[in-house]
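Please examine the sequence and the three-dimensional structure shown below. The paragraphs that follow proceed from the chain as a whole to one of its sheets.

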Amino acid sequence: MTDREDDAPVILADFGGTNIRCALAERGALGLSHTLAADRFSTFCEALEGVCETLAPRRRPRAARLAVAGPPDRETMTFTNLDWPPEPVDALRLRLGLERLSLVNDFAGLAHALPHLGGADLRSIGGGIRRPGKPMAVLGPGTGLGVGGLIPAGETGEGKWLPVPGEGGHATLGARTDTEARLLAILGERYVHVSAERVLSGPGLSALHDTVREKAGLPVLNQDAAGVVELARGGDGTALQTLDHFADFLGTVAADVALTYGATGGLFLAGGVIPNMGELFPAARFRERFSDKGRFSDYCAEIATLLITRDDAALIGLAHIDG
């Protein structure tokens, strides 16, 4: 852990659009993690108070380090996929009696965890090689679509890393086939801007399913992501097509992210959507599309693609952030 100036516990919390995962870091160790539903709370302050009560009901820690689903601001925090009002960060710190309150983008926090994940924390999807000490990237279809990168800093072998946060999930989604172009055109009639997140997220899977049905001349069902997966599990044709298109779009976007970061150290997938699909996730389609990049197909084919299977991975990342 990195708060070396004292042994006081530090609150670590990952504020996603659906879940809040939290734990205490104390004396160099990460404590037991807990998960709270974000929709239990109506404000960021209320949610953080809930985290404090869960982790330390009798002794309020002096510091908190938070990963937040949105661009963090030193003055006012606004969440992208939570209907919470903007709140002044310093007023929040004072109200909670904290000496230090630091915010990082949730996928910057998750990126910090990447060098520390291995074994049971990861599942390989396709081939490729994870090259130690090389840049890495993470992409997470969940309530939204998070994107982050991690690049080596300092001399080779020092083990120092620099996160590269961003809002890559809001980049424009492109088509590789005529069918994809038609699907995006239908989505474009509904949204002003069809970003990657409009498809590659929980709400996006639902929207994609409705779009596949509309293209086929069938009535939309307005199923949520879990409902789409259940339909696919029961053999529904349009739901299975939806998962195929999801994997194809994800492969394209993941390869774009890997190329942008030069992520020869690995492209990691996070978020809840893929684990919820389980064995229905079309991994072979994803990997085929990931490696199909024209002159850079060989480059992408050598990059390992791995699914993060550890729910509290972002807390590991937070624990390795200095400050």
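The protein chain has 323 residues and a radius of gyration of 20 Å, which agrees with the value near 20 Å of a compact globule; the radius is taken over C-alpha atoms, and the globule rule is 2.2 Å times the number of residues to the power 0.38. This is a predicted model, in which local features need pLDDT of at least 70 and side-chain atom pairs count only at pLDDT 80 or more, while totals for chains, interfaces and linings use all residues. Residues are numbered from 1 along each chain as its sequence is written, and side-chain values use heavy atoms, without hydrogens and water.

Along the principal axes, the C-alpha atoms fill a box of roughly 60 × 45 × 35 Å. Of the 323 residues, 51% count as buried, that is, under 20% relative accessible area with a 1.4 Å probe, protein chains only.

The secondary structure comprises 11 helices and 14 strands. These are DSSP runs numbered from the N terminus, with at least four residues (H or I) for a helix and at least two (E) for a strand.

Six of the strands form an open sheet of mixed pairing, in the order E9-E14-E13-E10-E11-E12; two strands pair if DSSP finds at least two bridges between them. At the edges, strand E9 (122-124) and strand E12 (160-165) each pair on one side only. Within the sheet, strand E10 (residues 136-141) and strand E13 (residues 267-269) pair in the parallel sense over three bridges. Valine 138 has phenylalanine 268 in E13 as its bridge partner.

Methods
Buried means under 20% relative accessible area, exposed over 50%, partly exposed in between (1.4 Å probe, protein chains only).
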